Amino acid sequence: MLQIPTPDGRADAFAAFPDHGERHPGVLMYADGFGLRPVLREMARELAGHGYYVLAPNPFYRHGPAPVIELPEHIGEEARTAVFAELMPLIEAHTTERILSDADAYLRFLTTRPEVSAGPVAVTGYCIGGLLAMRTAAAHPGQVAAVAGFHGPVSTGGPDGLRDLLSTLTARVHLGHAESDLTPEALGELNQALDAAGVDHTSEIYPGTVHGFTMSDTDAFDPSALQHHWDRLLPLLGRTLTDD
């Protein structure tokens, strides 16, 4: 566990990286709406095992260290409503200004770690973390070479907000959508906007999935979709960060 200095205090974060070699490409990993917890640390370790330094911050650090609220070991449907009633004020307080301020601090911290190699980094996110990942990449076009979002919103503010976001995005993109989150027609419109902006991307609906499919501590978890997520994410990082 680490402490990241930010303009508003110190964000607690989890870092995972290989125990061999000296320096590794950096990846910033944003949690879903439930925040930093054991399943996110497991995913960070899994990704680190492929040769990356992975930094997973607590996005709600202004409200306390992770976990900011008490979470059940398994977040089933019966607990979901009560959990989100506590989380929504935290999510709503995470304004665009705060998102971008935090992104600056996270990337500054990540790129100055002695274990992180020089060169571009990647950002990945889940659920609301997918939105944070896209905003981070768009705000740092010279630094973020790859961005991936899974079962998350791509932007806010409708078509105009999407156009503004994509206008500065230079990273390669992969978006893995839940079938319950996006219709084929909406996917087509999104992909047309990505094409029109000249964004190098893959964007697809993962068949048979519901929102949250990567998270093994929820009822939404789909093991095959989680593997599909790794099958898309790892080659993206390999092409952009390691030239493999």
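Visitor: Where is Thr209?
Guide: Thr209 sits in the loop between strand 8 (201-206) and helix 7 (223-242). Helices (H or I, at least four residues) and strands (E, at least two) are DSSP runs, numbered from the N terminus. This is a predicted model: local features need pLDDT of at least 70, side-chain atom pairs count only at pLDDT 80 or more, and totals for chains, interfaces and linings use all residues. Residues are numbered from 1 along each chain as its sequence is written, and side-chain values use heavy atoms, without hydrogens or water.

Visitor: Is Thr209 buried or exposed?
Guide: Thr209 counts as buried because its relative accessibility is 4%. Buried means under 20% relative accessible area (1.4 Å probe, protein chains only).

Visitor: What is Thr209 in contact with?
Guide: Leaving aside neighbours within four places in sequence, His177, Ala178, Glu179, Ser180, Asp222 and Ala225. Contact means heavy atoms within 4.5 Å. A polar atom of the Thr209 side chain lies 3.0 Å from the backbone nitrogen of Glu179.

Visitor: New topic. How many cavities of 30 Å³ or more?
Guide: Three. A cavity is a set of points on a 1 Å grid over the protein atoms alone, where a 1.4 Å probe fits but cannot get out; lining residues have an atom within 4 Å of a point. A volume is the space filled by probe spheres set on the points.

Visitor: How much space lies in the largest cavity?
Guide: About 80 Å³. Its lining includes Asp32, Arg80, His151 and His211.

Conventions
Buried < 20%, exposed > 50% of the residue type's maximum accessible area, 1.4 Å probe, protein only. Polar contact = N/O pair within 3.5 Å; in protein donor to acceptor, adjacent residues only side chain to side chain. 1 Å grid on protein atoms, 1.4 Å probe; cavity = no way out; pocket = protein on both sides within 12 Å on 5 of 7 lines; lining within 4 Å.
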